[in-house]
Amino acid sequence: MTSTAEDLRDRGVDQGLRRRDRSTRPRRRRSLLPAIQNVLVWLLGAVGAIAIAWLIASWALGLHLVILATGSMSPTMPAGTAVIERTADAADLGVGDVVSVPRAHDDQLVTHRIVAIGDEEADRRTLTLRGDANDADDAEQYVVTRAGVVLFAIPGLGFVLSAVTSPIGLAVLGLVLAGAVLWVLWPSRR
């Protein structure tokens, strides 16, 4: 049985070659890899931008970060809270400010609220402090010329920062960042 060219065209055969039906053609699966790499690039860029912004802000505005080790300022600032502070002259301090000052006997920082200011001299103030969770004022008074005034607090962030800045945390962070950068920049087969 022989077929003419017209018969072949009618049955879907064009000049001896079958047309491929697009519905039966296997679809290529799109890989999620490029999307993940793009998200990773943006995430690494955001972390880098935040780090640079913090360095510039801390240098230009005199900001610094303090992590609270105890719960003496609970409930608003429990243990593990990271606070952003700005250094202020003693003359600019007022009752109600939350400040960080060094203890006289060991230079450890204490972050408490000012409840009284006494012995005002030209550039020195004697501060009476109390933690919000404490029933009594601190036993010692603090004579300061400057103090760190708390601008805002982020509860829980101190635990994360402490873990990341520990020796093991820094090693893991370095490996993860190096691996992520290599993975993003590694040449692909495309």
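User: At what angle do helix H2 and helix H4 pack?

Analyst: Happy to start there, keeping in mind that this is a predicted model. Two packed helices are described by the angle between their axes and the distance between the axes. Here H2 covers residues 33-61 and H4 covers residues 167-185, with their axes 10 Å apart. The packing angle is about 130 degrees.

User: Is H2 oblique to H4 or roughly antiparallel?

Analyst: The angle between H2 and H4 is about 130 degrees. Roughly antiparallel would need an angle over 145 degrees. That makes H2, relative to H4, oblique.

User: Which residues of H2 and H4 make the contact, and how many of them are nonpolar?

Analyst: H2 passes H4 in a left-handed crossing. On the H2 side the contact is made by Leu 33, Ile 36, Gln 37, Leu 40, Val 41 and Leu 44, and on the H4 side by Leu 177, Ala 180, Val 181, Trp 183 and Val 184. Among the residues of this contact, none is charged and 1 is polar, while the number of nonpolar ones is 10.

User: Good, now the whole fold: what pattern does the protein chain follow along the sequence?

Analyst: The protein chain has 4 helices and 9 strands. Taking these in sequence order, the pattern reads α-β-β-α-β-β-β-β-β-β-β-α-α.

User: What share of the 190 residues in the protein chain is buried?

Analyst: Buried means under 20% relative accessible area. Of the 190 residues in the protein chain, the buried ones make up 23%.

User: Where does Asp 107 lie, and is Asp 107 buried or exposed?

Analyst: Most residues other than glycine have a negative phi. Asp 107 is not a glycine, yet its phi is positive, at about 60 degrees. Asp 107 sits in the loop between strand S5 (98-102) and strand S6 (109-118). Because its relative accessibility is 59%, and the cut-off is over 50%, Asp 107 counts as exposed.

User: And is Arg 125 buried or exposed?

Analyst: Arg 125 belongs to strand S7 (residues 125-130). Leaving aside neighbours within four places in sequence, Arg 125 is in contact with several residues, including Ala 90, Ile 117, Glu 120, Tyr 142 and Val 144. Its relative accessibility is 11%, so Arg 125 counts as buried.

Terms used. Residues are numbered from 1 along each chain as its sequence is written. This is a predicted model: local features need pLDDT of at least 70, side-chain atom pairs count only at pLDDT 80 or more; totals for chains, interfaces and linings use all residues. Side-chain values use heavy atoms; hydrogens and water are left out. Axes are lines fitted to C-alpha atoms, for helices over the stretch in contact, and angles run from 0 to 180 degrees between N-to-C directions. Helices (H or I, at least four residues) and strands (E, at least two) are DSSP runs, numbered from the N terminus. Angles under 35 degrees count as roughly parallel, over 145 as roughly antiparallel, 65 to 115 as roughly perpendicular and the rest as oblique. A crossing is left-handed if the near helix is turned anticlockwise from the far one by less than a right angle, and right-handed if clockwise. Contact means heavy atoms within 4.5 Å. Ala, Val, Leu, Ile, Met, Phe, Trp, Tyr, Cys and Pro count as nonpolar, Asp, Glu, Lys and Arg as charged, and the others, Gly among them, as polar. Buried means under 20% relative accessible area, exposed over 50%, partly exposed in between (1.4 Å probe, protein chains only).
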